[in-house]
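Here is a friendly walk through one model, in questions and answers. Have a look at it before reading on.

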Amino acid sequence: MYIHIPFCYKKCPYCSFVSYEKHFCLLDDYAKALVKQIRNFNDRNYTVKTVYFGGGTPTILKVKHLEAILRAIDATFNLDLEEITIETIPNNVKFEYTKALKSLGFNRLSIGIQSFRDEKLKILGRIHESKESFKAIETAFKSGFDNISIDLIYGIEDSLVSLEKEIDIAMNLPIKHVSAYLLTIEEKTEFFELKEMGKLKLSDDDFAAELYSKLCEKLESRGFMQYEISNFAKSGYHSKHNISYWTGKEYIGFGVSAASFLKRKRFKVTDNLKKFINNPTESFLIEESLSNDDLIKEMFILGLRLKNGIDVIDFREKYGVYVFDYFGDELQNLIDMGFLKFKNNRIFLNGCEAMFVSNSIFSELI
Ligand SMILES: C[S@@+](CC[C@H](N)C(=O)[O-])C[C@H]1O[C@@H](n2cnc3c(N)ncnc32)[C@H](O)[C@@H]1O
Ligand code: SF4
C-alpha cells in the first residue's frame with residue numbers, strides 16, 4: 001500500500017512529484033480525506049504486507065494524523081505487515097517525533113539526504129545542510145530505527161573524487177540502504193527552464209555513466225549490494241515494498257496522484273488537491289485495463305530492473321509465455337550484443353554498463 005502526502009516546506013527545483021509548497025492549513029483536511037478514502041475501500045480480500053508513506057514530505061504530518069491514517073488502514077484491511085516506511089527530510093528528524101513514529105509501528109525510515117556536500121545541496125535548492133543530515137541519521141538511529149535508507153542524487157556538481165568521498169561519508173553512518181538517482185530534468189520544473197536557457201551545468205552522458213559505475217563499485221565494496229538499477233542494501237535490508245512493484249505484485253495507492261494496480265487494472269487518484277479533499281471517495285480514475293500484451297511487456301521490463309532479473313520458467317507460469325518465443329529476435333539480439341545475459345534460466349541486465357542504459361534497452365522490447 002502506498003500513501004501519498006503531497007506537502008513540502010519548499011518545492012525543489014528539480015522535483016516533478018505532486019507536492020505543494022506549504023499549504024499547512026490543509027493538513028487536517030487532507031488527513032481526514034485520506035481516512036475517508038481508505039475506509040471507503042471495502043474489499044476485505046486483500047492482505048497488506050508493506051505500507052509506504054511517500055511524498056512530498058510525509059513527516060510534515062503530525063503524529064495524530066499518521067495515527068488516524070494507520071487506524072483506518074487497520075480497520076479496513078487484513079494486515080500481515082512486514083515493512084512500514086516513511087520518507088522524510090533531514091530537518092524533519094527530531095527525537096520525540098521519530099520515537100513516536102517507532103511507537104506507531106514504522107520500522108523503516110527513508111531520508112532524502114541527496115548529497116553530503118553543501119555546495120551541491122545549494123545547487124539542488126535543498127533547505128538543509130550536510131551537518132543536519134549527520135544529525136538526522138544519528139537521531140533516527142538513536143530513536144530506534146535500525147532500518148534507515150538514504151536517497152542520493154548524482155549527475156550535477158560531481159567529480160569522481162567528490163562522489164567517492166560522499167559515499168565514504170555515507171558508509172560510516174548507521175544506514176542499511178541507499179537509493180542513488182541520476183538527476184533527471186523533468187518538464188515543468190525550474191531546472192527544466194534553466195536547462196532550456198543553457199544555465200544548468202549537468203554531467204554529460206559519458207561522465208554520468210562513469211559516476212554510476214564508480215557508485216556501484218564503491219557501494220558494493222562496502223557491503224551495499226546492488227539489487228536494482230538505483231538501489232543498494234546491506235544483506236536482508238532491500239526494500240520489500242519496492243521489490244513488490246518490480247515483481248508485479250498488486251498494490252493500492254491512497255492520496256492525490258497515487259497509483260494502484262489491482263485485478264490487471266491501473267487506477268490513479270486525481271492530482272487535484274482541492275478535488276481530493278472535497279470528494280476523496282470519488283477520486284479514483286480508472287485509467288486503463290491492461291491487455292495481455294501490455295501486461296507481459298510491462299512485467300518483463302519491470303523484472304529486468306532487478307539485478308537478478310527474471311526466471312523465465314516462473315515468468316511462463318505466471319504470464320503464459322516463454323519470453324524467447326514471445327520477444328523473439330529483439331530479445332536474442334540484446335543478448336547477442338551483450339546488453340542482456342541468460343544464465344541458469346534467468347535473464348538479467350549484463351552489468352553496470354547495461355544498467356546505465358537500461359531505458360534504451362527496454363525501449364527495444366516495447
Ligand atoms: C519524493 S522524493 C521524497 C523524499 C523527500 N521529499 C526528499 O526530497 O528528500 C523521493 C526521491 O526522489 C528523488 N528525486 C526526486 N526528483 C528527482 C529528479 N528529478 N531526479 C532524480 N531524483 C529525483 C530524490 O532523491 C528524492 O529523495
Ligand atoms: S524533492 Fe522531496 S522535498 Fe523536494 S519538492 Fe520533491 S518531494 Fe518535496
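In what follows, Ala, Val, Leu, Ile, Met, Phe, Trp, Tyr, Cys and Pro count as nonpolar, Asp, Glu, Lys and Arg as charged, and the others, Gly among them, as polar. Please keep in mind that this is a predicted model.

Q: Into how many nonpolar, polar and charged residues does the shell around ligand 1 divide?
A: There are 16 residues around ligand 1, and Tyr-14, Gly-112, Asp-151, Tyr-181 and Thr-184 come nearest. Sorted by class, the shell comes to seven nonpolar, six polar and three charged.

Q: Which elements give two or more residues to the shell around ligand 1?
A: The shell around ligand 1 counts 16 residues. Elements that supply two or more of them are the strands β4 (47-55), β6 (108-114) and β7 (148-154).

Q: How many charged residues are in the shell around ligand 2?
A: Around ligand 2 we find Cys-8, Lys-11, Cys-12, Cys-15, Phe-17, Ser-19, Gly-55, Gly-56, Thr-57, Ile-89 and Gly-112. Five residues of this shell are nonpolar and five are polar. Lys counts as charged, and the number of charged residues here is one.

Q: Which are the edge strands of the open sheet formed by nine strands?
A: The strands of this open sheet follow the order β9-β10-β8-β7-β6-β5-β4-β1-β11, with mixed pairing. An edge strand here pairs on one side only, which holds for β9 (225-228) and β11 (253-254).

Q: With which residues is Val-178 in contact, leaving aside neighbours within four places in sequence?
A: Contact here requires C-beta atoms within 7 Å. The partners of Val-178 are Ser-149, Ile-150, Leu-152, Ala-170, Leu-219, Phe-224 and Phe-232.

Q: How far apart do the C-alpha centres of domain 1 and domain 2 lie?
A: The domain assignment gives domain 1 (2-246) and domain 2 (308-363). Their contact takes five residues from domain 1 and four residues from domain 2. On the domain 1 side, four are nonpolar, one is polar and none is charged. The C-alpha centres of the two domains are separated by 29 Å.

Terms used: Residues numbered from 1 in each chain as written. Chains lettered and ligands numbered in written order. Predicted model: local features only at pLDDT ≥ 70, side-chain atom pairs only at ≥ 80, totals over all residues. Contact = placed C-beta atoms within 7 Å. Near = placed C-beta within 6 Å. Helix = DSSP H or I, 4+ residues; strand = E, 2+ residues; numbered from the N terminus. Domains from an automatic or database assignment. Pairing = 2+ DSSP bridges.
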